[in-house]
Amino acid sequence: MQRKIRVAEQQPSIEFTCEIPPPAEEILTPDALAVVAELHRRFNPRRLELLAARVTRQSELDKGARPGFLPATTEVRESDWRIAEIPHDLVDRRVEITGPVDRKMVINALNSPAKAFMADLEDSCSPTWANVVLGQVNLRDAVNRTISFENPVNGKVYRLNDETATLMVRPRGWHLDEKHCLIDGERVSASLFDFALYLANNHDELRARGSGPYFYLPKLESHLEARLWNDVFVAAQESLGIPIGTIKATVLIETILAAFEMDEILYELRQHSAGLNCGRWDYIFSFIKKFRQCPDFVLPDRGSVTMDRHFLKSYVQLLIKTCHRRGAHAMGGMAAQIPIKNDDQANAAAMGKVREDKEREANAGHDGTWIAHPGLATIATTAFDSVMNGPNQLDISRDDVEITADDLLQVPGGAITEAGLRENIRVGVQYVEAWMRGQGCVPLYNLMEDAATAEICRSQIWQWIQHNAKTIEGLDVATHFDRLLDEELKNIEDQLGSDRFDAQSFNDAAELFGGMIRKQEFDDFLTLPAYEALA
């Protein structure tokens, strides 16, 4: 169903290609949509140019080029400058919890012991129209402190505590469109849609409550993409009469190309920056994707690509050094473990891994870290409390660190195993199936999986097939992939039971997942073709 509305008397009108859920009419207001339309009309051409530049850069990498620190921006890296002052409610970020924008999750995350909650419209949110626009309703209600949720099964009511975590929002990346909203007959940028709706609907209330519009920016590949975000921030603040610099944004360094431009990214956003984050899972995915045509960059099982590997350790150290030199927070990565019920031994082992990971981050000099479950908040907080004497570690300069391009590009050794191949298939298929049902954050085998880990699963198998890899047991991945896919589907059916398996869409998910792996050309993001099939 299409619905047209007039925005700021400009024609042609904005069109919605499906029904608007009634609560969403409260956030899809003419004023809010006027901001969406203004930003899209002004900045979408630049977005498309930058996406085209990604394609050109990938072609260069496919031909053997390797990234390095940019000669043209040497002065930015070598000169002394600092970002603008950090707001009071972002000074202490030692633990941040992340998750999708469904109503119960928003309440529980804000009520958790974490210092901040990153409400995610990106990798942990399947972008059904209902999830996107009702998620904005949930965020509006959270800002207004009117949000509540009643469990339909047991009647339990969830409400916000008096004291809550600081709210941050992650819009979708520059590469994504919102297909349910057309401006001038063109799909709107999903980034601009998510950002503008949240800002337009909440900036007044956030200011009244002593906070502000705080964002996480995903999937950037260059400082020019950060510059675009900064220009969007300035334009939106001017349009809404908000003081320049009110918006604050933390950039996820989750692509290998962005790792070479950390200083430049902070510089472009210096009025609006709140730091950088080690988006470790997407970073590994990017490492595979960017060097996909190079046989020397084939990675071993994803389970063996841990943060102590040289290329990842180097990336962490460079991020901390860069951020602290500029007065910016250096945030650690996600702990994907979740508490394990009814198995004390397994739970103790999982929580031990979380503790070790968070102690590593705190001792490296990070100012905070991510968790995916409230049950990990105490472990993460204790790890940082044991090291930090204040609200952050901005005084840790890491002058001992000297990272070269070779450090960032050092390929880790290790084995490709049949067990690792099967795990990638099993996790990838189950994640895609859940995502197609509208669930973007999926607990699988005692880990919280999102699109980033599913992308590692998919890209690793594609890479192994592309370069004729064999498992340590001698299996040729290309020859045996279809057989193993069928076997893992049967294993999933045995695990879930036939009734549940048949009621869901595992065969369709396997067809989509397997089809992307068999293609000669690599799909840059799993979510791009999947989104076209998403109801």
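Which residue's side chain does a polar contact of 3.0 Å join to that of Arg398? The partner is Asp400, where a polar contact is a pair of N or O atoms within 3.5 Å; within protein, one must be able to donate a hydrogen and the other to accept it, and residues adjacent in sequence count only if both atoms are side-chain atoms. The model is predicted, so local features need pLDDT of at least 70 and side-chain atom pairs pLDDT 80 or more, while totals for chains, interfaces and linings use all residues. Residues are numbered from 1 along each chain as its sequence is written, and side-chain values use heavy atoms, leaving out hydrogens and water.

- Arg398 is located in the loop between α12 (377–385) and α13 (405–408); helices are DSSP runs (H or I, at least four residues), numbered from the N terminus.
- With a relative accessible area of 14%, Arg398 is buried (under 20%; exposed is over 50% and partly exposed in between, with a 1.4 Å probe and protein chains only).
- Leaving aside residues up to four places away in sequence, Arg398 touches Gln317, Ile320, Lys321 and Ala364, contact meaning heavy atoms within 4.5 Å.
- A polar atom of the Arg398 side chain lies 2.8 Å from the backbone oxygen of Ala364.
- Thr322 is 76 residues from Arg398 along the chain, and their C-alpha atoms are 8.9 Å apart.

**Helix α14 against α16**

- The axes of α14 (residues 418–436) and α16 (residues 477–496) come within 9 Å and cross at roughly 60 degrees; axes are lines fitted to C-alpha atoms, for helices over the stretch in contact, and angles run from 0 to 180 degrees between N-to-C directions.
- The two helices α14 and α16 are therefore oblique to each other, a class left over once angles under 35 degrees (roughly parallel), over 145 (roughly antiparallel) and 65 to 115 (roughly perpendicular) are set aside.
- Residues making this contact include Leu421 and Ile425 of α14 and Phe481 and Leu485 of α16.
- The contact of α14 with α16 comprises nine nonpolar, three polar and six charged residues (Ala, Val, Leu, Ile, Met, Phe, Trp, Tyr, Cys and Pro are nonpolar, Asp, Glu, Lys and Arg charged, and the others, Gly among them, polar).

**Helix α14 against α15**

- The axes of α14 and α15 (residues 451–466) come within 9 Å and cross at roughly 135 degrees.
- Helices α14 and α15 are therefore oblique to each other.
- Among the residues in contact are Gly428 and Tyr431 of α14, and Cys457 and Trp464 of α15.
- The contact of α14 with α15 has nine nonpolar, three polar and no charged residues.
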